[in-house]
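Please open the model in your viewer and keep the selection panel at hand. The stops below are meant to be visited in order.

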Amino acid sequence: MNTRFSSIHHHRMLRVAAATPMASVGDTAANVRETLALAKRAHEEAVDLIVYPELNLTSYAIDDLHLQTAQQDAVRDAVLAVADGTRDLRPVLLVGAALPRNGRLYNCAVAIARGAILGVVPKTFLPNYREYYEKRWFSSGAGLSRLTITIGDQEVPFGTDLIFAASDLAHFIFHAEICEDYWSPTPPSTTGALAGALVCCNLSASNVVIGKSRERAMLSAAQSARAVCAYVYSAAGPGESTTDLAWDGQGTIHELGEPLAASTRFALDPELVIADVDCERLIQERLRVGTFGDAATFAGHPETRFRHVGFAHQPDYADAGLKRAIRRFPFVPDTPERLDEDCYEAFNIQVEGLLKRVTATGVKSLVIGVSGGLDSTHALIVAAKALDRLNRPRTDIIGITMPGFATSEGTKGNAWKLMRALGITAEEIDIKPAARTMLEGMGHPFAAGEPVYDVTFENVQAGLRTDYLFRIANQRAGLVVGTGDLSELALGWCTYGVGDHMSHYGVNAGVPKTLIQFLIRWCIATDQYDAETDAVLDAVLAQEISPELVPADATGAIQSTESKIGPYPLNDFFAHYVIRHGLAPSKIAFLAWHAWRDLEAGRWPIGYPDEARTAYDLDTIKSWLEKFLFRFFQISQFKRSALPNAPKVSAGGAVSPRGDWRAPSDGTAQTWLAELAANGP
């Protein structure tokens, strides 16, 4: 194994923390002890960056005491004490302190790394409304750049133009703002992110009133999404003065709008909320979202105005675990409320897409090949719902089951049961005679009685089925509804041209296999159809996934899709991070390892069967990832380049050449396989 593979730093991740120390009103010595205690805890947890609350070295609510010389001198000494006490500690600290400079007092964030004071960022927006009177004590840092401040015998950078960047860890780049700064219409962190910061930090006091925690979480989520960054927020907690206010100690960590971790509010003990943020994901997202670059241009290229303050972080690339929840099924939410919402949207996107195509073309019928398998089942229930909403009879759907040489009685029976339960026009065409004729005309060994079940044998059946569907659609003024899904398209697991690759409209092409399973379960749970239909849907979900093109072997084992191309849960995991995020294969292997190595760890989506739950070791993950990379990048793009129309369903991505994924059909997988070999396990 690559000795660095298990390190988050190897995979361009950072461990960040929001600290909630026990405050002591105006007692800087006590606050230094609390600050250092949490810094030492963070060091033991391999944290890279800690964000403390606003003015944590004095506490926030000391009012006019900020203007006392004794207090100001104590703050200076406190900053120096924290720096001295962290010389041998790993984390970079952002602490809050009120510091005088040139006849003004500033509410500041002070960056400290391994005993060195890196720089001081003054607060820009000073609230002076309702319970806030900050302009009574502090001056705004707006417009202050290219300046320095003296703390003890150290002269360090001072201003709102600072970004802090590790010289030995390229993705460790952060920016600091303070409380009200991100309540403003133009948060300084926006400019900081446009200048290159990947982690934006907020040192906040923020007293609590009813509903304010929701507002803070909303702002942090929105800023991390809008600025394409990670956002670490720390608000003052226990020990602050309660003369007229109360404090809840809310700490949160967000990334691209998603909450990663949150503190226990109103806790009586100091707390350290820790999460690993994915800087590679942030970098890739910025590369993809052109408006991010446009915003930097319209803002006059902030990177030309910001000072990058460097420091040596000295990463050891040790295995510190992963403090970040990784969903096993990235296309499927693992909380009940999100799962219901996403399934509702996904199903209705499919229905709406097909409904529009039906009305636009004016077709008299929908033609679907119904195998009794997962994909055709889902396409059929989508079609039924579309016609229901158009107030058209379901008999306008022509479902045709086409048994071949390996069709089982179970799937054929389920196909008939489903068609009858839905009340569509149901028909059967035995393709075996036509397939034998074609194989005989080709001189295929099977026609002479030899048990040769090669790709030609399989595709003769697949092609005939689609050929029948198109000709029947011609005959009956119909539209062929495609059944192939996103997972199959990613893997190239479809018969090109006149095969399951082609249709007049592909309702499933934006939906991965793992999500289709949950959509069918959602249809059952929400009574989209009747009890008879639900019973068939349950039976379909219980079947092993198989193309049923090759007869069972001597032991009776049927053709298994997943034994050939890999487990769909892993393939969908790989596809998500390749298509949506463009992550390096070694990183995808690392994430998959943490998501799948322990059967008992993390959350499984609601309704996922116990008997289907499994774990995968690192060798298995790497083996299937290599096969996925080869199939996806080298041998399957020509199929995706000729896709029929289909609605995009998931933000996780799609593979349409007219949308999310545009790639050459003559590409190679070598670059991705080489990266995995060099940097992977």
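This is a predicted model: local features need pLDDT of at least 70, side-chain atom pairs count only at pLDDT 80 or more; totals for chains, interfaces and linings use all residues.

Residues are numbered from 1 along each chain as its sequence is written, and side-chain values use heavy atoms, with hydrogens and water left out.

**Stop 1: the mixed sheet**

Select the seven strands that form an open sheet in the order 13-12-11-10-9-8-15, with mixed pairing; strands (E, at least two residues) and helices (H or I, at least four) are DSSP runs numbered from the N terminus, and two strands pair if DSSP finds at least two bridges between them. Strand 13 (258–262) and strand 15 are at the edges with a single partner strand each, so one side of each has no neighbour in the sheet. On average, and with direction ignored, neighbouring strands here are turned by 25° against each other.

Within this sheet, highlight strand 9 (residues 173–178) and strand 10 (residues 199–203), which pair in the parallel sense over five bridges; Glu-177 has Asn-202 in strand 10 as its bridge partner.

Now centre on Gly-310, which lies in strand 15 (residues 307–311). Leaving aside neighbours within four places in sequence, Gly-310 is in contact with Leu-118 and Ala-165. A distance of 9.4 Å separates the C-alpha atoms of Gly-310 and Asp-168, which are 142 residues apart along the chain.

**Stop 2**

Next, select the five strands of the open sheet with the order 18-17-16-19-20, in which the pairing is parallel. Strand 18 (425–428) and strand 20 (505–506) are the edge strands, each pairing on one side only. Four bridges join strand 16 (residues 365–369) to strand 17 (residues 397–401) in the parallel sense, and Ile-368 stands opposite Gly-399 in strand 17. Helix 9 (residues 409–422) packs on the sheet, touching strand 17 and strand 18, and its direction makes about 155° with that of strand 18.

**Stop 3: two crossing helices**

Select helix 7 (residues 336–361) and helix 13 (residues 513–525), whose axes come within 10 Å and cross at roughly 100°. The two helices, helix 7 and helix 13, are therefore roughly perpendicular to each other, a label that covers angles of 65 to 115 degrees. Among the residues that meet are Tyr-344 and Phe-347 in helix 7, and Phe-518 and Trp-522 in helix 13.

**Stop 4: the cavities**

Which residues lie nearest the centre of the largest cavity? Select Gly-484, Leu-489, Asp-500, His-501 and Ala-509, which have that place among the 17 lining residues. A cavity is a set of points on a 1 Å grid over the protein atoms alone where a 1.4 Å probe fits but cannot get out, and lining residues have an atom within 4 Å of a point. The largest cavity holds about 120 Å³ of space, a volume being the space filled by probe spheres set on the points, which are joined across faces, edges and corners.

Notes. Axes are lines fitted to C-alpha atoms, for helices over the stretch in contact, and angles run from 0 to 180 degrees between N-to-C directions. Angles under 35 degrees count as roughly parallel, over 145 as roughly antiparallel, 65 to 115 as roughly perpendicular and the rest as oblique. Contact means heavy atoms within 4.5 Å. On a 1 Å grid over the protein atoms alone, a cavity is a set of points where a 1.4 Å probe fits but cannot get out, and a pocket is an open set with protein on both sides within 12 Å along at least five of seven lines; lining residues have an atom within 4 Å of a point.
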